[in-house]
Amino acid sequence: RGLKSNLLRAYLSFDNDWFESACNRNEACQQAFRKMLFGLCFFHALIQERRTYGPLGWNIPYQFSEPDRQICVSQLKIFLEESESIPFEALRYTAAEANYGGRVTDKDD
């Protein structure tokens with residue numbers, strides 16, 4: 001386990017054709033997608049890694065899973081393909097508040 005193996009597992013789960021065709025309307029969109037995709041995968045790997053530290057990582061043992069990452073990636077792709085500019089607030093809200101944060105109940109987590 002670890003950050004590197006979690007990142008590798010995430011990237012290996014993406015279909016190559018899907019990855020190449022995501023946000024291909026222009027180079028700026030594709031670059032933004034790939035950078036933000038890495039950020040989401042790194043964030044997911046980090047919270048997965050925190051679980052290995054027990055109560056030092058999370059006060060409550062939350063069950064974050066691959067579908068959490070997958071829905072964030074799908075939302076990222078949809079938002080970037082349908083918007084002219086990057087909707088940072090919408091992306092932050094859906095990932096941080098709804099998909100991941102909706103499960104966190106302890107204020108210190």
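How many salt bridges does a search of the whole structure find? The search finds seven, a salt bridge being a side-chain nitrogen of Lys or Arg within 4 Å of a carboxyl oxygen of Asp or Glu. This is a predicted model, in which local features need pLDDT of at least 70 and side-chain atom pairs count only at pLDDT 80 or more, while totals for chains, interfaces and linings use all residues. Residues are numbered from 1 along each chain as its sequence is written, and side-chain values use heavy atoms, with hydrogens and water left out.

**View 1. The chain as a whole, built from five helices and zero strands.** From the N terminus on, the elements run α-α-α-α-α, where helices (H or I, at least four residues) and strands (E, at least two) are DSSP runs numbered from the N terminus. Taken along the principal axes, the C-alpha atoms fill a box of roughly 45 × 30 × 15 Å. Of the 109 residues, 37% count as buried, that is, under 20% relative accessible area, with exposed meaning over 50% and partly exposed lying in between (1.4 Å probe, protein chains only).

**View 2. The salt bridge between E20 and R34.** The closest N and O atoms of this pair are 3.3 Å apart. E20 lies in helix 2 (residues 16-21) and R34 in helix 3, so the pair ties together parts that are 14 residues apart in sequence. E20 is partly exposed at a relative accessible area of 42%, and R34 is partly exposed at 29%.

View 3. On a 1 Å grid over the protein atoms alone, a cavity is a set of points where a 1.4 Å probe fits but cannot get out, a pocket is an open set with protein on both sides within 12 Å along at least five of seven lines, and lining residues have an atom within 4 Å of a point. Grid points are joined across faces, edges and corners, and a volume is the space filled by probe spheres set on the points. Helix 1 (3-12), helix 3 (27-50) and helix 4 (66-82) each supply at least two residues of the cavity lining. R69 counts as buried at 2% relative accessibility, whereas E66 is partly exposed at 27%.

**View 4. The largest pocket, with helix 5 (88-100) among the helices that line it.** About 180 Å³ of space lies in this pocket, and its lining includes M36, L40, C72, L76, F88 and R92. Helix 3, helix 4 and helix 5 each supply at least two lining residues, and helix 5 gives the most, with six.

**View 5. The salt-bridge network of E89, R92 and E97.** R92 forms a salt bridge with E97, the closest N and O atoms being 3.4 Å apart. R92 counts as partly exposed at 41% relative accessibility, and E97 is likewise partly exposed, at 41%. R92 is also one of the residues that line the largest pocket.
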